[in-house]
Amino acid sequence: MLNEYFIRRVLYLVPVLIFISFMSFSLIYIAPGDPAEIMMTSPSGGYDEAAVEAFRIAHGLDQPFYIQYLNWIKNAAVGDFGYSYMSEQSVFETVLNAFENTLKLSVLALAIALVIAIPLGVVSALKHNTIVDDACRFGALLGVSIPNFWQAYLMIIFFSVIIHWLPASGFGHGTDISYMIMPAAVLGTGSAAVMVRMIRSSMLDVMGKEYIQTARGKGLSEKIVIIRHALKNALVPVITVIGLSIGFLLNGSVVVETIFGWSGIGNLVVDSILSHDYMMVQGSVLFVAVIFLLINFFVDLVYVWANPEIRYDKTS
Amino acid sequence: MSDVLLKVSDVSVTIPTEQGTVHAVDNATFSINKHEVFSLIGESGSGKSILGQAIMRLLPLNAMFSGKVELGGMEISALSEKEMQKVRGKIVSSIAQNPYLAMNPGIRVGTQVAEPMQAHLGMSKEDAKSRTCQALKYFDITPPEVREREYPFQYSGGMLQRAMVAMGTAANPELIIADEPTKGVDVLKKRNIAAIFQKVASKGCAFLLITHDVGFARAMSDRIAVNYCGQIIEIAEKEPFFKEPLHPYSQALLDAVPERGMHPIPGPSPSMIEVPEGCRFHPRCPNKADRCLKNPPVVEINGRCVRCWMYA
């Protein structure tokens, strides 16, 4: 049953992937500006027709649209997204490299988000309508409302400028966690704020269920009632929010990456758009979309795992 | 009396709400003997379930409790929450009305049935599991090894009801509080529930049946208590009660069942917030007199209790 579900779910991915690849390819194609002209324009403003034509032929830009698309998709299927017009480097390698950086940041950010959100959400629900709950909700509201860039600058001012604990920006050697703490904290607290509110309302809902009273009636301690009987059920609807958060984190935050000088995927996409590096834009947009799809797919699987009713339903 | 299991003395519960204070239970006093099936009957919304929750000490957080509950000689109304956890499920256990709401949808049935054994009998996971299989088999849930691993939604309603009874009796409690076990259940299922309860009762477990189902109470009980508007207005052995109910409300209640012609009780059910002065039934009572505006005494006649001026 589960295998059948799994296979069907994988098959659903195919048409979506085709659609996404078409969109990411054509969106850039219909955007204004001819890459050949832009690339061949000299700093003084003029360009040589012959050189532009040569560039077009060299990069296949003289072919009809659908041929270009099919060529691109054929190569993309085996991991060849072409080469950057600007740096002449492999798009796939560049994207992968940037994604690796974003991934590191995202994992830490998600860990921070969950560590903050789950206890706060649960406490907020258990102490609902008390001063503790009010404080949690106020904190969550702040977290949602404070813009990322402002929080980032406040943290830099405090942790870098005043107490000199953390580097203000930069990348270190990629393994130096001190560079990751602030950007991950900014991203993580933003996600946590949304999750706290979800977990609180979901937990409140579950704590009012009759089976919680049954569990208490069996003489179980309140701790076991909350953790074993309430929390697991309360987290099921939160999985969706967590999945969405992961998706957004992995797609990179341009603002946070720019402020902290982090060369992640968000920065890469924006830089490529600004420099009309079409191969790079197409490649990274497709990559990001595929990551988003895979995360959603994974979230569905977690859902199935968490909800036995889906797991055992023969018809779905 | 050494064979008294549960002794409820002067228990009152009020619950503040936005509309006013609900007088859910007013000076409830009764006792249940060991091995006895005791029914508390009355209309829905008359505070019966709250009384059950008060005994289990699982009232809503804002409810105000006063009075004394003794169980097996221990004053459980004075226990700390921690000590009370050792009583719930072990000495007194409750069985809820709707098994689909009362069982956790995300946990295997076997695990849920085994929980009281692990919590109270100090059983290991393996021991509790094999004991659970025995219990499921005892209640005709077969094959137990397969059923134990299933989730509530995979069970039929009747089967889940039996699993819930298996769960309630898992740690061999001396008293079971069953809240509306036959609500919304057809005649055939009702018969099954009666059969399961009798099976449990035959092993020496006492019952407090909270029900609005007079027929079910009659089939099951040794003694009957009638609840009206938060007060117990009559307590009697089953046979004399059904032969000759004393309180006018008991008489009206029995006349309202289909076998006796389905005569409705005149007038609306009273508000639980602004309760009638004096005897709470007097606005609907055919025998009302001036004295009924004062609180009626609880009168003892031939081992029966009735709260009515007619017998004073």
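Domain bounds here come from an automatic or database domain assignment. The legends below all refer to a predicted model.

View 1. The assignment for chain B puts residues 4–91 plus 173–311 in domain 1 and residues 92–172 in domain 2. Going by C-alpha atoms, the centres of domain 1 and domain 2 of chain B sit 28 Å apart. Where these two meet, domain 1 of chain B puts in 24 residues and domain 2 of chain B puts in 18. On the domain 1 side, helix H1 (48–56), strand S7 (175–179) and helix H8 (187–201) of chain B are the elements giving two or more residues. Sort that domain 1 side by class and you get 15 nonpolar, three polar and six charged residues.

**View 2. Where chain B meets chain A.** Chain B brings 22 residues to this contact and chain A brings 17.

**View 3. Inside the largest nonpolar core.** This core counts 136 residues, and Ala163(B), Leu175(B) and Phe207(B) have the most contacts inside it. Its top contributor is helix H8 (residues 178–207) of chain A, which gives 15 residues. Another core, of 20 residues, lies apart from it; Phe25(A), Val91(A), Met280(A) and Val281(A) are among its members.

**View 4. Zooming in on Leu175(B).** Which residues does Leu175(B) touch once neighbours within four places in sequence are left aside? The list runs Leu5(B), Leu6(B), Ile32(B), Ile91(B), Val92(B), Ala206(B) and Leu208(B).

View 5. The unreviewed UniProt entry marks residues 12–31, 105–126, 138–165, 177–199, 234–265 and 285–306 of chain A as "transmembrane region". Take residues 138–165 of chain A: the end C-alpha atoms lie 28 Å apart, and the span is 82% helix and 0% strand. For residues 177–199 of chain A, the end C-alpha atoms are 29 Å apart, with 96% helix and 0% strand.

**View 6. The annotated stretch of chain B.** In the unreviewed UniProt entry, the annotation "domain: ABC transporter" covers residues 6–254 of chain B. This stretch of chain B, residues 6–254, is 39% helix and 28% strand, and its end C-alpha atoms lie 27 Å apart.

How values were computed
Residues are numbered from 1 along each chain as its sequence is written. Chains are lettered from A and ligands numbered from 1 in the order in which they are written. This is a predicted model: local features need pLDDT of at least 70, side-chain atom pairs count only at pLDDT 80 or more; totals for chains, interfaces and linings use all residues. A nonpolar core is a set of buried Ala, Val, Leu, Ile, Met, Phe, Trp, Tyr and Cys residues joined through C-beta atoms within 7 Å. A residue is buried if 20 or more other C-beta atoms lie within 10 Å of its own, exposed if 12 or fewer, and partly exposed in between; C-beta atoms are placed from the backbone. Helices (H or I, at least four residues) and strands (E, at least two) are DSSP runs, numbered from the N terminus. Two residues are in contact if their C-beta atoms, placed from the backbone, lie within 7 Å. Ala, Val, Leu, Ile, Met, Phe, Trp, Tyr, Cys and Pro count as nonpolar, Asp, Glu, Lys and Arg as charged, and the others, Gly among them, as polar. UniProt positions are given in the numbering used here, feature names are shortened, and annotations may be inferred rather than shown by experiment.
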